[in-house]
Amino acid sequence: MSGFGGFLLRRAVGTVITLLAISVIVYVVFYVTPGNVAQITCGPRCSPAQVHQVAEQLHLGDPLYVRYWHFLQGLFAGQDFSTGTSLEHCAAPCLGQSYQTGQQVLDIILGKLPVSLSLVLGGMVLWLALGVGTGVLSAWRRGRLSERVLTAITLAGTATPVFVIGLVLMIVVCGELQLLPFPEYVAFTDDPEQWAWNLLLPWLSLALIEAATFARLTRAAMLETLAEDHVRTFRAYGVGERAIVGRHALRGAFAPVIALNANNVGSAVGGAVLTETLFGLPGIGQELVHAVKVVDLPVVVGMVLVIAFFVVLANAVADVLYAVADRRVVLA
Amino acid sequence: MTESPLATPAAGTDASVPAAPGARRFWRRLRAQRAALVAAAVVALLVLVALAAPLLTALEGQDPFTYHPSLIDSARGGVPVGSLGGIGAEHWLGVEPQTGRDLFARLVYGARVSLGVALAATVIQVAIGVAVGVAAALGNQWVDQLLSRITDIIVAMPLMIMSLALLAVVPASFPRPVLVTLVIGLIAWGSIAKIVRAQTLSMKGLDYVSAARLSGWKTWRIARRELLPGLAAPVITYAALLVPMNISVEAALSFLGVGVKPPTPSWGQMLTAADVWYQAAPQYLLLPAGALFVTVLALTVFGDGVRTALDPRAASRLRIGTGRKDKDAATATAAAGATATDADATKKEATA
Amino acid sequence: MSLVEVTDLSVEFGALRAVDRLSFSLAEGGALALVGESGSGKSTVAGALLGLHRGTGARVGGTVRVAGTDVRAATEQELRRLRGAKAAMVFQDPLSSLDPYYAVGDQIAEVYRVHTRAGRRAARARAVEVLDRVGIPDAARRARSRPHEFSGGMRQRALIAMALACEPELLIADEPTTALDVTVQAQILDLLHSLRTETGMGLLLVTHDVGVAAESVEEVLVMRHGRAVEHGPVGTVLAAPRESYTRELLDAVPRVDARSTGSPATGEVVLEATGLRREFGRGKRAFAAVDDVSLTVRRGETLGVVGESGSGKTTLGRMLVGLLDPTAGRIRYAGEPHTGVNPAVQMVFQDPVSSLNPRRSVGESIADPLRARGEKGAGAEERIRGRVTELLERVGLEGAHYDRYPHEFSGGQRQRIGIARALAADPRVIVCDEPVSALDVTTQAQVVALLGELQRELGLALVFIAHDLAVVRQVSDRLAVMRRGRLVEYGPADEVYDSPREEYTRQLLAAVPALDPELAARRRAARRAPAAV
Amino acid sequence: MRQPSVIARRVAAASVSLVVAAGAAACGPKDSGAKGSGGDSTPHKGGTLTVLNSEPQTDFDPARLYTSGGGNVPSLVFRTLTTRNRANGAAGAKVVPDLATDTGRPNKDATVWTYTLKKGLKYEDGTPITSADIKYGIERSFAPELSGGAPYLRDWLTGAANYQGPYKDKKGLSAIETPDERTIVFHLNKPEGEFPFLATQTQFAPVPKAKDTGTKYEEHPVSSGPYQVVKNENDGEHVLLKRNPNWSAATDDQRKAYPDTIDVRSGLDSSVIDQRLSASQGADAAAVTTDTNLGPAELAKVTGDKELAARVGTGHFGYTNYIAFNPTVKPFDNPKVREAIAYAVDRSSVVNAAGGSALAEPATTFLPNQKSFGYTPYDPFPAGASGNPAKAKELLAQAGYPNGLTVTLTHSNAKDFATSPEIATALQDALKKAGITVKLQGLEDNDYRDTVHSVKTEPGFFLAGWGADWPSGGPFLAPIFDGRQIVKDGANFNASRLNDKSVNDEIDSINKLTDLDAAAKRWGALDRKIGGKALVVPLFHPVYKRLVGQDIRNVVISDWTGVLDISQVAVK
């Protein structure tokens with residue numbers, strides 16, 4: 001299917017361009033951010049001479065385009081960093097070293113990614129179940145009271161900020177009722193059972209926010225399909241209402257839900273910063289917020305690129321899934 | 001424009017019953033949905049409260065800034081004295097812990113910021129989104145490619161992070177509420193641009209647009225006279241979903257410490273400070289959370305109502321208006337469906 | 001006992017009474033056609049036979065008995081058993097009548113299993129069987145592909161196969177061929193005919209096209225505003241109609257064999273196209289919608305352009321007015337090469353609904369060309385309003401309509417407004433793309449007459465693009481027949497109609513439904529000889 | 001990896017949790033009748049201690065750590081020449097020998113200090129600890145890659161001003177001599193009686209040159225203390241410590257080291273920490289926190305819940321929050337204006353903004369209210385509990401502003417309840433009563449620190465705070481009021497630009513004293529003298545109230561750190 005190959009190639013090139021453009025934007029924005037990076041890195045009581053040495057060490061004196069050139073060099077060819085006693089080579093794609101901690105940015109990301117992914121993927125399962133479930137029910141019971149109640153509950157989820165829901169949930173469930181342990185990230189590889197128990201609450205908070213969006217979309221898509229001509233055909237052939245809603249209307253909502261879900265997962269990797277902060281999950285979003293506050297440019301650029309990559313990847317996946325689900329759509 | 005697969009449209013079907021002109025039809029459908037009406041009333045009330053904030057606080061005889069140290073118990077962390085957090089004749093909704101400022105006044109002034117920022121940011125997002133969307137749809141191949149690439153970048157850019165960076169960059173002398181509005185406005189117009197571009201592209205092929213071209217009008221005038229009125233429906237529908245989203249973003253920015261600065265009160269800020277008082281002074285948390293909840297709920301329900309009223313196909317489901325499916329390609333049918341998809345993608349990252 | 005027994009049927013949607021005390025009956029194996037213009041209520045009757053109006057808020061009066069079941073009194077259970085098993089329905093728009101996400105075979109199997117206790121595999125086998133029966137080649141494989149992978153004709157055959165699956169006693173066909181090309185329409189009508197002779201099932205055909213009725217039924221019932229106007233054997237009704245409305249209806253039907261009144265004009269060449277070509281799509285998927293077409297349009301003359309869907313006639317039309325830039329070839333207006341939009345060459349569009357901006361008043365739309373020309377200075381508004389009023393009256397409407405909105409007009413009136421807008425630019429050439437295809441026969445005739453008057457009075461050159469050979473015959477002086485983007489035949493109209501040189505043109509003409517049932521039967525036998533499409 | 005946003009001196013324990021709001025919500029569950037910590041209170045060895053913190057143990061390298069008294073968690077791994085006396089209250093503010101046999105033997109004018117290492121000191125891998133390792137450890141702290149420590153070594157050691165660390169100039173520091181394996185001599189460029197206090201910092205921890213891996217050393221530093229590092233994930237986000245077999249209690253009478261393992265977790269929300277400690281279920285019963293105060297919810301409940309009250313440890317750390325003036329900016333050049341503001345300040349509303357009287361005490365002196373600082377109470381401009389607007393108006397009239405004036409107060413946007421918006425708005429409201437309209441200028445945290453600490457951009461009127469590197473007047477008064485410490489092109493802390501010869505001379509003469517009690521009295525007197533100039537307006541001193549789990553025993557809180565000492569705590 002050369003069309004598909006062509007599509008992938010075009011999307012890959014587009015992605016690279018987009019990511020590079022984003023990295024330029026981030027570099028420019030953070031280059032002008034106030035806050036003397038050398039002073040922050042060196043420490044509160046450093047003498048001007050020491051600050052100058054640190055600035056030298058981190059090439060902070062170079063003009064913007066030189067620093068960006070180093071960044072590109074690192075990305076495509078790798079870079080060497082001195083640990084004082086030895087030279088440490090950071091292989092391509094090397095996103096550089098954090099000013100504050102000296103850790104490789106790539107290591108930081110790889111350390112944080114599993115947290116964000118487990119939060120988002122778990123959340124996805126719940127928000128799909130909750131969202132699509134509510135959507136189908138409200139489409140099935142359209143117009144009746146139960147639909148109004150369902151819609152109100154899901155809308156309530158969207159309307160309340162996560163840091164309020166999360167906190168109240170945590171204090172009631174973990175504190176008062178002691179049903180769940182207080183959320184603390186346990187790597188999946190170490191202990192899957194604990195991993196799940198600990199993440200149940202963050203998943204629920206994240207899902208409550210997203211569920212309403214999916215409920216609304218599922219309901220709208222199903223109602224739209226129910227108004228199509230082919231539903232009339234099947235009614236004219238005596239097919240029961242339950243089969244019509246179950247087989248045909250739900251199938252009609254399949255494509256838009258997939259597309260939205262892929263987008264959601266993509267942007268949630270970086271966007272779940274509030275949930276991560278509240279539940280103390282060391283994810284990408286929380287790390288990025290901190291890095292911005294201490295103007296740790298390499299970490300910020302690295303993180304933003306990773307988040308943007310997931311968003312763009314998610315959009316591409318959304319398009320492919322949409323085309324697969326609805327054969328009539330041709331991959332542009 | 002290839003040959004349409006069907007040789008002729010359905011000549012034989014029953015003639016369409018003449019329907020009321022756009023506006024009247026819209027109001028009739030909107031009135032038919034009780035939930036949307038209630039929501040519209042709530043939204044109107046909120047806007048009124050926000051505008052009349054000084055009047056209301058004067059009525060209560062308080063203002064959002066004066067401290068009342070006597071009304072809080074310093075030894076217990078600044079918990080308000082008196083039942084239910086000091087609710088009484090003098091302070092209708094009690095007093096704020098640690099500072100003793102009047103909660104009712106702060107809530108009412110807070111509405112100004114939260115609603116003001118959200119509405120203004122939405123206007124910016126719509127303006128940029130429509131401009132970019134229409135330009136991309138009507139421009140030549142390169143213009144379309146460039147603008148679409150830019151839109152992809154904006155959508156891919158994590159909203160929260162860029163707000164943090166921009167809010168850190170701009171000197172503090174710049175008035176903060178305006179800055180927050182600009183930041184939210186400048187960063188979240190991506191999805192509306194996509195919707196407008198799709199809708200304009202679909203309208204570009206319509207016969208009355210071709211007719212306008214034939215009569216000699218230039219692209220720009222055609223865009224203004226023919227296309228923009230057609231865009232009103234999807235844009236209004238989407239804007240009604242954007243406002244609650246922007247309110248939540250302002251609250252999130254405050255939670256991360258970069259939102260509106262004290263002493264200007266805003267719901268997001270109150271929530272951020274209040275979350276630790278969950279047990280000691282619950283009303284401090286419940287009041288702003290309740291206010292935020294009611295506003296976002298009302299706006300979302302109103303937004304849904306507007307969408308259903310504008311979408312002719314939905315009208316038939318509600319068995320009002322023409323009673324027959326309008327196949328009129330120019331109305332917002334397709335766009336309304338797409339609206340739900342795109343609107344919610346950006347919302348996710350803003351407040352999760 | 002008759003298959004269908006309808007007495008005093010009336011159906012009301014809110015204030016509108018679509019069907020008014022209609023009674024008729026259909027014997028077993030019989031074939032009846034409900035003929036009438038849009039708004040006559042014929043489709044509503046078809047729907048009432050299967051109780052499709054139940055639950056839509058419509059008020060249904062009178063009694064309807066189909067294959068022994070009283071539809072109005074039937075319980076939900078009985079109604080569902082009736083639909084598909086005893087009486088099956090085929091709809092007009094094949095594209096949207098099938099679920100785009102499921103394979104065609106599966107959909108037929110689903111319907112089959114509703115009415116029989118058959119297992120999944122048996123149902124699928126049945127689906128393949130009926131698909132084969134309706135003439136779909138390689139039925140087993142095609143059963144697995146999805147609706148959008150079928151052509152228009154194939155999809156309609158699949159729908160008919162779905163109807164056959166449960167061997168119903170009655171087949172209701174609501175405008176089954178209206179959305180198809182004339183050649184494909186002929187094949188579908190033949191298929192219906194052979195199925196009826198083979199299975200003996202009854203047929204209720206709903207159509208606006210008298211010719212289609214003549215070809216396929218024994219009895220015809222003419223309807224108007226929900227009431228029966230005339231009912232009788234098709235031969236007598238068509239040959240000697242008793243009611244004046246029926247006569248009026250039959251007179252308005254264009255005949256493909258009627259000689260055109262106009263004489264070939266000798267005016268100078270106003271518009272000339274040489275070697276026009278237009279490609280769509282990129283790389284491997286590119287295809288030429290119009291391939292090397294050259295023709296001329298003379299002042300005061302009408303050039304007819306005929307072809308089936310996909311023949312490239314609309315693309316050609318849009319290139320002539322400059323809306324579409326040709327990939328190759330040139331257009332010369334009054335001798336000079338010209339690219340892009342040309343005020344002297346205007347267009348009338350096909351779909352009355354989308355040809356006028358619903359949010360602007362009718363007068364404003366007509367005034368567009370005047371304002372675009374820069375009608376400035378004092379009194380410009382009066383002059384414009386005057387000119388528009390003049391144009392409105394010239395196309396048979398009133399000046400007072402200036403401030404009304406498009407949705408307050410009927411299809412025919414909207415086309416007249418479209419013509420007025422074209423005239424506002426004082427063009428020398430008007431390209432009409434399917435101007436009357438969306439209209440009823442009577443309105444069609446009036447609009448065609450209006451175009452003829454305007455041509456004679458203003459010396460306009462007209463390009464009349466359509467798929468209906470009979471209508472084109474009435475208006476054109478010269479004729480171009482197009483097939484897959486190429487000019488198949490090009491010459492004086494009468495010459496091409498009476499003695500077509502190309503085999504394709506002959507096939508086209510043969511497929512046009514004749515008003516005379518005997519002639520139709522002979523033609524059907526002649527057609528049976530060559531293999532089906 | 002996360003530097004606390006406050007600029008002032010670090011606290012003894014891991015850095016003060018100034019990023020997270022001071023208050024923390026937590027609602028203790030119904031009291032599940034667990035045995036109070038009082039019960040059988042004799043501590044025993046064994047078990048696992050969990051430390052629940054907000055801030056991670058970033059830069060866990062002796063060269064980079066900036067601690068007061070060797071730090072809480074770091075001092076479990078890095079023993080230093082001297083250390084703080086692990087005892088409750090004022091006794092805990094003294095310095096005692098650790099690796100060295102004594103607290104150091106000065107020469108006549110305290111410019112040369114000699115230390116001798118105890119016998120039998122070993123690293124975790126069994127190799128002996130030598131004086132050369134101590135010297136190498138100090139030299140490392142000068143390398144730019146390992147920046148972050150306190151400035152004293154650079155200022156005090158002769159010829160160390162532009163030394164760039166062992167990686168760049170190999171020959172090392174001449175100011176430090178190691179005549180034999182157990183003796184080390186420090187040569188200073190001016191008399192420093194309080195050198196033994198400096199020797200408690202982690203820079204004085206031994207680092208074997210062979211095992212040094214530069215910036216990677218922090219992942220697995222060689223331990224000389226009772227515990228060794230098993231795991232250090234994400235630069236201090238999760239640190240796991242296990243017993244160091246080669247540590248001998250005989251050579252270390254300060255660290256009890258009861259638990260077998262110590263699990264230090266961070267990145268937790270303050271509300272969660274307080275909630276877990278008050279609930280105290282499962283592993284949390286043997287948990288403590290070193291950086292998160294009680295939240296308003298607990299404060300409100302503590303008065304009623306006896307069991308919970310018993311588990312709260314109250315501590316005082318030498319730290320003062322104050323208003324700083326820049327006399328080179330109008331109208332603050334006029335002392336009357338500064339005095340008027342001092343009178344107008346309402347300390348009770350400021351204390352409430354900082355978390356209430358449980359978490360903050362009003363301050364009228366610049367030195368913290370502890371004996372070791374030589375605290376001598378004085379109040380040059382008595383404003384009473386909630387301000388004296390009348391007196392302030394009177395002074396303003398004298399200063400030429402009869403109908404008040406408008407000024408701009410600069411503060412940080414970080415929620416640290418020290419220089420944060422809440423404190424600024426409290427002051428704004430108070431000064432309004434005295435006719436002084438205050439406009440607020442909130443800056444992002446980094447921007448705030450750069451602006452406030454640079455001579456060129458320093459605003460006229462801003463919030464600031466200062467903490468003790470060690471419990472003595474020296475590190476408090478010198479950097480702020482010593483004229484010679486004004487830095488023209490870098491981080492300057494002498495905001496009031498005071499360059500008074502008598503003050504400078506008095507500082508030098510006190511530095512000569514090695515009798516710390518005598519020095520303390522002199523620092524107290526100097527504080528009162530400077531107070532009279534109204535260069536600063538002290539606001540409040542922080543008070544730490546932190547919960548411990550139910551099984552925690554032997555809670556020791558010294559005045560030096562104000563936080564419970566992990567090396568003393570037991571869980572069995």
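View 1. Residues 4-250 of chain C are 40% helix and 26% strand, with the end C-alpha atoms 27 Å apart. (Helices, H or I of at least four residues, and strands, E of at least two, are DSSP runs, numbered from the N terminus.) Over residues 271-509 of chain C we get 36% helix and 27% strand, and here the end C-alpha atoms are 28 Å apart. An unreviewed UniProt entry lists both stretches under "domain: ABC transporter"; UniProt positions follow the numbering used here, feature names are shortened, and annotations may be inferred rather than shown by experiment. Keep in mind that this is a predicted model: local features need pLDDT of at least 70, side-chain atom pairs count only at pLDDT 80 or more, and totals for chains, interfaces and linings use all residues. Residues are numbered from 1 along each chain as its sequence is written, while chains are lettered from A and ligands numbered from 1 in the order in which they are written.

**View 2. How chain C splits into domains.** Chain C is divided into domain 1 (1-86 + 169-253 + 515-532), domain 2 (93-167), domain 3 (267-344 + 427-500) and domain 4 (358-426). These bounds come from an automatic or database domain assignment. Between the C-alpha centres of domain 2 and domain 4 of chain C there are 50 Å.

**View 3. An open sheet in chain C.** Four strands line up in the order β12-β11-β14-β15 of chain C, with antiparallel pairing. (Two strands pair if DSSP finds at least two bridges between them.) At the edges stand β12 (287-298) and β15 (336-337) of chain C, each with a single partner strand, so one side of each has no neighbour in the sheet. Strand β14 (residues 328-333) of chain C is joined to β15(C) by 2 bridges, and C:Arg332 sits opposite C:Pro337 in β15(C). Helix α11 (residues 313-321) of chain C packs on the sheet, touching β11 (269-280), β12 and β14 of chain C. The direction of α11(C) makes about 125 degrees with that of β11(C); axes are lines fitted to C-alpha atoms, for helices over the stretch in contact, and angles run from 0 to 180 degrees between N-to-C directions.

**View 4. Where chain B meets chain A.** This contact takes 46 residues from chain B and 52 residues from chain A. (Two residues are in contact if their C-beta atoms, placed from the backbone, lie within 7 Å.) On the chain B side, α14(B) gives the most, with 10 residues.
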